[in-house]
Amino acid sequence: MELDDLKVAWSQLGRGRETLPMGIVSTLRDGKLDQTRSALGRVAWVLRYELAAGVVATLLLGSFLADHWRTARFLLSALVLHEYAVITILIAARQMVLLSRVDFSVPVLTVQRELTRLRTFRIWSTLGLMIVAPLLWAPLAIVGAKGLFDLDVYRAFGAAWVWGNLAIGLAVIPLGLWLARRLAARNTRSPRVAAFMEMLSGRSLADAKRYADELARFATES
Amino acid sequence: MDPDTAVTSPTPEETFLALLVEHAGILHKVAATYSRTAEDRRDLEQEIAAQLWKAFSRYDPERKFSTWMYRVALNVAISALRSVSRRDRRFVPLSDLGTEPVDPRAPDLEDDPRVRQLRRFIDGLGELDRALVLLYLEEQSYRDIALVLGITETNVATKISRLKQRIRKDLAGPASH
């Protein structure tokens, strides 16, 4: 059998399936086709949420910094958190720009390259933010306790508590990565948990790299 | 002008719907080729239709609608497939998709060995090769395939030639008997 013979089978597969599903017709007539959920639409919502959360955190921390800039121990902790929030904003904004450039009506290879660039950037940046996050527990406790309860953690628990938490944060990073690798290999019912574990374990990054190579090969192979 | 004889031009929705009805086969085939389950296929058809409508304002009527539709449909289908967890990305054979014909008088094709072989062959391809095979089977010209995928016509010809060799090899194997 040749590829041309398969054309006959292909045309038979299409027989009886030439009409438009009524769901699509009615959704269009009701003017609701724009509201259909899409994979990229979900990413756009997550990015809006990340951007908004970053802006709120930056404003709150800015206010805290203005109140406590003379006290070095509060200043340092708040500055670390403030920089983290600003970086979150920049990362979300960069992804929103990349996402806004995606036009599905241009050639497949162009769109897939843009999406792969976006995906790779998202994986790297999320991975970076997640790895650093355990170290932020101590500054967050210092700033949160002072800002919310006017409690000075340094004085209440001592410097040893702060250094101890930083050490635990450092230890959690390799432990979390090891756990992610273990869990990524197992079957998880939740697709979100599975995707998160794949990202933390580096599998998503390897997959994105593999797909980028495949796109390059598809374009240049002659 | 006499209002009784005035001809109202169709709205963008009406124009879009007419074109979509005319090219509904593209919607079904792309969705069936890239879906994992029957539910996925219905969702994907809806998502493709939504993205087509969103992009319709940028469609140039001087160009072929089918080429434009293939681009959008394939981009949406491949992107939707890649957005799911890597582990869930495996393809389900087309025969498991419940691609029930809309027309109940349509013949049952399950017994046709050519259909079974075609399904098995497509199931074994990656996302980009699936797009290439789909366009070839839809009898698109090399020029149109190149325009949809964004590669040269020479590249299309080379890839089709390789796919033909692969089919001969695959279908000559014991699995085809």
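How many residues of chain A are in contact with residues of chain B? In this predicted model, where local features need pLDDT of at least 70, side-chain atom pairs count only at pLDDT 80 or more, and totals for chains, interfaces and linings use all residues, 51 residues of chain A are in contact with 61 residues of chain B. Contact here takes C-beta atoms, placed from the backbone, within 7 Å. Residues are numbered from 1 along each chain as its sequence is written, while chains are lettered from A and ligands numbered from 1 in the order in which they are written.

On the side of chain A that touches chain B, helix 1 (3-14) is one of the elements giving two or more residues, and helix 1 of chain A gives the most, with ten. Helices are DSSP runs of H or I, at least four residues, numbered from the N terminus. By class, this side has 27 nonpolar, twelve polar and twelve charged residues; Ala, Val, Leu, Ile, Met, Phe, Trp, Tyr, Cys and Pro count as nonpolar, Asp, Glu, Lys and Arg as charged, and the others, Gly among them, as polar.

Now look within chain A. Gly176(A), Leu177(A), Ala180(A), Arg181(A), Leu183(A) and Ala184(A) in helix 8 meet Met197(A), Glu198(A), Leu200(A) and Ser201(A) in helix 9. That contact has six nonpolar, two polar and two charged residues.

Finally, find Val46(A) in helix 3 (residues 39-68) of chain A. Val46(A) is partly exposed because 13 other C-beta atoms lie within 10 Å (20 or more would be buried, 12 or fewer exposed, with C-beta atoms placed from the backbone). Its C-alpha atom is separated by 47 Å from that of Asp5(A), 41 residues apart along the chain.

Note on methods. Two residues are in contact if their C-beta atoms, placed from the backbone, lie within 7 Å.
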